[in-house]
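Me: I would like a close look at one part of this structure, in plain terms. Please keep to what can be read from the model.

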Amino acid sequence: MTEHEQTGLADDASAETATEGGTNDNRQPDRGTPIRAETVDAALDALHGEGMAGYSYAYLDEHTKREVRRATLKAIAIPGHQVPYASRPMPLARGWGTGGIQVSLSVLGPDDTFKVIDQGTDGSVNAANIRRLAEETANVSTTTDTTEADVIQTRHRIPEEVLCDDQLLVLQVPVTDPLRKVDPSDAANRKRHAHRNYGKMWVHLYENVVEWGEINIGASYPTMVAGRYLMSPSPIPRWDTPKLDDADHLSIFAAGREARIYAVPPNTRVKPLAFEDRQFTVERFPDRACHLCGSEDTFLVELSETRDGSDGRFQTCYVCNDTSFCEKRHSDPDRPKDHHLDREGVDWGPGTPDVPRTTADDAASERGESG
Ligand SMILES: [Zn+2]
């Protein structure tokens with residue numbers, strides 16, 4: 001390198017430093033917003049001003065949204081196939097729903113209504129923050145009512161109320177490939193998917209039966225889509241898996257960390273893997289009902305609380321996991337899950353057909369039959 005070139009490099013470097021220093025003094029909204037505030041509220045107020053002006057509509061730039069929509073269309077065209085896409089960094093850590101947010105923000109328009117649930121509740125911190133991000137950057141209205149939402153982003157649950165053909169369900173996915181459970185090599189698993197070779201998964205299920213007497217998989221139950229691809233339905237409970245079969249709505253599964261999108265289009269056959277003599281069954285809650293609304297045909301979760309103040313002992317009771325529907329049932333205990341549809345008796349997961357609330361025994365046997 002000549003002496004002249006060296007000097008030139010040094011000059012460039014010093015010029016860059018000078019420019020950076022200059023920008024800091026006079027920062028534009030799109031180069032970062034200096035926030036000098038004493039309180040969090042004051043900082044948020046500052047952001048509501050010209051702070052948001054530097055962001056694109058729905059946070060992501062147009063090129064990214066097109067890229068995500070293109071991958072989504074491809075995923076719809078090949079049901080259950082994992083489509084790679086250029087996952088972007090989002091304003092939260094990967095593993096907290098970045099894939100789901102990228103899909104939601106790419107498809108939301110200003111006329112849409114957005115609902116976010118996390119483990120069945122609209123009120124969790126993560127759900128509330130994702131909802132606020134969409135509200136502030138995409139100008140969408142938000143709701144907690146499943147029947148009013150156009151786009152529903154969810155983690156770990158599919159709502160209890162039947163979804164319609166004008167609704168879109170976006171599921172957050174931590175681990176995309178169901179085969180990783182039986183072989184950690186993604187390269188080998190891609191070949192298995194290409195050849196529709198799922199023998200190793202069948203062996204895994206068989207070993208499961210030998211060890212436990214039944215297929216003992218709680219969530220992310222391996223599921224065949226349209227008779228072609230094996231898919232992880234994301235960590236939803238077995239209870240929710242039948243809701244994907246021949247559904248009216250479109251389901252999109254997105255993983256930000258693994259940069260993969262896959263989909264189940266409406267009216268697609270979704271069949272959980274099972275043996276002829278060891279059928280797929282959903283979770284059962286015999287003799288249990290929701291502590292708040294009395295429902296016996298919803299997915300219940302344990303809640304420990306003192307029910308009898310006299311002895312001060314903690315007793316385990318159960319409540320609906322879907323808080324939005326639990327509230328509706330609280331005011332109207334007989335409300336069916338398809339109350340908002342023209343037709344009745346819609347097949348939607350376990351326990352939905354016809355009489356939704358009977359005695360615990362009837363409900364349990366009904367669930368057993370439908371599973
Ligand atoms: Zn309830």
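Which residue in β10 does M224 stand opposite?

Reply: M224 stands opposite K271 in β10. This is a predicted model, in which local features need pLDDT of at least 70, side-chain atom pairs count only at pLDDT 80 or more, and totals for chains, interfaces and linings use all residues. Residues are numbered from 1 along each chain as its sequence is written. Helices (H or I, at least four residues) and strands (E, at least two) are DSSP runs, numbered from the N terminus.

Strand β6 covers residues 223-225 and is joined to β10 by three bridges, the two running antiparallel. Two strands count as paired if DSSP finds at least two bridges between them. The pair belongs to an open sheet of three strands, ordered β7-β6-β10, with antiparallel pairing. β7 (229-231) and β10 (270-272) are the edge strands, each pairing on one side only. From one strand to the next the twist averages 35°. Axes are lines fitted to C-alpha atoms, for helices over the stretch in contact, and angles run from 0 to 180 degrees between N-to-C directions.

Helix α3 (residues 62-77) packs on helix α4 (residues 98-107) at about 100°, with the axes 9 Å apart. The two are therefore roughly perpendicular, a label for angles of 65 to 115 degrees, with under 35 roughly parallel, over 145 roughly antiparallel and the rest oblique. K65, V68, R69 and T72 of α3 meet Q102, V103, S106 and V107 of α4, contact being C-beta atoms, placed from the backbone, within 7 Å.

Notes:
Contact = placed C-beta atoms within 7 Å.
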